[in-house]
Amino acid sequence: MSETPDAPRAPEEEPPVVTPVRVVIALCLIAPFVAMLWVGSYAKIDPTFIGIPFFYWYQMLWVLISTALTMTAYTLWNRDQRARKAARQSARKTQNGGASA
Amino acid sequence: MKDGVNGVALAVFIFFFVAVTVMGFLASRWRRSDNEQTLDEWGLGGRSFGTWVTWFLLGGDLYTAYTFVAVPAAIYAAGAAGFFAVPYTILVYPLIFTFLPRLWSVSHKHGYVTTSDFVRGRFGSKGLSLAVAVTGILATMPYIALQLVGIQAVLDVMGVGGGEDTNWFVKDLPLLIAFGVLAAYTYSSGLRAPALIAFVKDTLIYIVIAVAIIYIPIKLGGFDEIFAKAGEAYNQTNPATGAPRGALAPGEAGQWTYATLALGSALALFMYPHSITATLSSRSREVIRRNTTILPLYSLMLGLLALLGFMAIAAGIKVENGQLAIPQLFETMFPDWFAGVAFAAIGIGALVPAAIMSIAAANLFTRNIYKDFIKPDATPAQETKVSKLVSLLVKVGALAFVLTMDKTVAINFQLLGGIWILQTFPALVGGLFTRWFHRWALLGGWAVGMLYGTVAAYGVASPTQKHFGGSSKEIPGIGEIGYIGLTAFVLNVVVTVVLTFVLRAVNAPDGIDETSAEDYTADAGDKGVQVELPPATAGAGH
């Protein structure tokens, strides 16, 4: 690659790979799998909703739930990435400042 | 339905068809750029699509006419088992949220147009890239053919499909015209045509679903009534199998099948070349992530659509061929003019994915077979020319497929295609996250998965078919009935991992990886990532 790597990063500046926020993101993305693949939990007729058996309305409800979860993951991820970028940039600045001083 | 031509419906259908045809040809002027004669322009719309265009394009691409016909048809035939399409499309989005942005970044950095481009660049293996390309083309062809089956179903119900005794040419003429038009505007406008037409298609589909889901239940006496009647119908014994026709909720035995089908299909969806084409045409990494949060709207629509299968039963629709159940329901329940709108929605719904699929297959051929093996020094203009021609050939092939062979052949192949395409997952998604897998191990795993999947699917018998009777079979070692594709995939991964250990132990030569770690997180605006890429040779120059 033509791009030169960033100035050597001080390892203690980089937040750990696994953080509570990232765990929450992972949970948001994994939850639909657990819910949908556990078919036994929703393979029943009652309670019905306006005449639609549970099996069907429950899965359609999960369309909405999983959408909300993915949106949450998306927002949290963006915030996480921005925070890390900012941290990296400020770290670089301090380093550069140190070098010129 | 054999009682002559439905004139009003046909007129409305033709009106919409002509309108989108004009749009298709005009599309080449939409967001046109200077370097028209490159594959990036023709095959990826200049990689310039924003959130909404991408949303329409992906939606138009993934939720095809065949889906609209086949999902309710499956419900109509067997009840709950057909509803797996909903959990399947729910699972797709958290899944692609994790890997598609990485693919976008690395593809933009290196000018990759297809998944095989990436696999070649990552693993330095033309063989593996060829395997991925061939699998993609093989899986896409029958899919295109099925879009035609969708149009045929609509034409049949409108009474222009002709009876058994009509001359084959007269019978197939409408289909030939539809396809000629499709081929012509794809050729001239590339990916811009389906992107523009997708707007019309989705608007029509949403209107039709909204009306159908309110209007039909009112006419049929509410959902209580619909499900009561459907339940009765499912309880009746099917003379062919001696078992009940279906059930409103899957029984104990059907649950594994349901879950594995949903998971396997979700893993497979974004391995299809056409989904990747639509993804790579987006402007930035953000566009993709944002899309994973709004695409589920289509899943909701799919769920509502599936309910139409129950309505068809409750409305007393009786068809030999399940594919006709929904068009027939529309014709029976709706006034003629609105039936025409609904048919147009399905018909146009077939054109959009057929166009994108043929472009995707053509890109694969051009980049990973023509350029890699036949003419390595092809110029961008030559690449585009070959791609355009191949997209034509692919469509003609699909047409020949539908006209000469039984419809069930297309359906069988599509089923096989799903199993096959899933076998490219380890190379593609595995490759996006790790370089640990050995290229030859991936090739070995792929071969084992393909072989097992094909043999297993061949061995499934149904009351009406001796082979390819379905997509599920007993999972070896577990004893439950599960989706063959997923079993083959697990086998594939196991073989890949074992072989990688072996090959690493004997120090088998590793390919050259032309990508670097930061390529996978690069976004538009970063150094080396151009929004509009120069001629599509950036990746091939390495």
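**Chain B overall**

Chain B holds 21 helices and two strands. Its radius of gyration is 23 Å, close to the 24 Å from the globule rule for 542 residues, so chain B is as compact as a globular protein of that length. Laid along its principal axes, the C-alpha trace spans about 65 × 55 × 45 Å. Buried residues account for 59% of the 542 residues in chain B. And if you take the contacts in chain B between residues at least 6 apart in sequence, 83% of them join residues at least 24 apart.

The complex gets an ipTM of 0.82 and a pTM of 0.85 from the predictor. For chain B, the average pLDDT is 82, and 91% of the residues score at least 70. Among its elements, helix α21 (residues 484–505) has the highest mean pLDDT, 93, while helix α2 (residues 39–44) has the lowest, 74. Then there's the stretch 531–542 of chain B, where pLDDT stays under 50, although the model has 33 contacts for it beyond four places in sequence. Where pLDDT is low, the predicted coordinates should not be read in detail.

**A helix pair and the chain contact**

Take α5 (residues 85–110) and α14 (residues 296–314) of chain B: these helices pack at an angle of about 175°, with their axes 9 Å apart. That makes α5(B) roughly antiparallel to α14(B); the cut-off for that label is an angle over 145 degrees. On the α5(B) side, the residues that meet α14(B) are B:A85, B:V86, B:T89, B:I90 and B:Y93. Their partners in α14(B) include B:P296, B:Y298 and B:L302. By type, the residues of this contact split into eight nonpolar, three polar and no charged.

**Single residues to look at**

B:L261 belongs to helix α11 of chain B. B:L261 is buried, with 24 other C-beta atoms within 10 Å, and the cut-off for buried is 20 or more. Leaving out residues up to four places away in sequence, B:L261 touches B:F84, B:S472 and B:Y483. The C-alpha atom of B:L261 is separated by 37 Å from that of B:A27, 234 residues away along the chain.

Over in chain A, a cis peptide bond links A:D46 and A:P47, with omega about -5°. A:P47 lies in the loop between α1 (20–37) and α2 (54–100) of chain A, and A:I50 is found in the loop between α1 and α2 as well.

Here are the backbone angles worth a glance:

| Residue or bond | Angle |
|---|---|
| A:D46–A:P47 | omega about -5° |
| A:I50 | phi near 35° |
| B:N507 | phi near 60° |

A:I50 has a positive phi in a residue other than glycine, and so does B:N507. A:I50 counts as exposed, with 9 C-beta neighbours inside 10 Å. B:N507 is exposed too, with 7 other C-beta atoms within 10 Å.

Note on methods
Residues numbered from 1 in each chain as written. Chains lettered and ligands numbered in written order. Predicted model: local features only at pLDDT ≥ 70, side-chain atom pairs only at ≥ 80, totals over all residues. Helix = DSSP H or I, 4+ residues; strand = E, 2+ residues; numbered from the N terminus. Rg over C-alpha atoms; globule rule 2.2 N^0.38 Å. Buried ≥ 20, exposed ≤ 12 C-beta atoms within 10 Å, placed from the backbone. Contact = placed C-beta atoms within 7 Å. Axes fitted to C-alpha atoms, helices over the stretch in contact; angles between N-to-C directions. Parallel < 35°, antiparallel > 145°, perpendicular 65-115°, else oblique. Nonpolar A, V, L, I, M, F, W, Y, C, P; charged D, E, K, R; others polar. pLDDT = per-residue confidence, 0-100.
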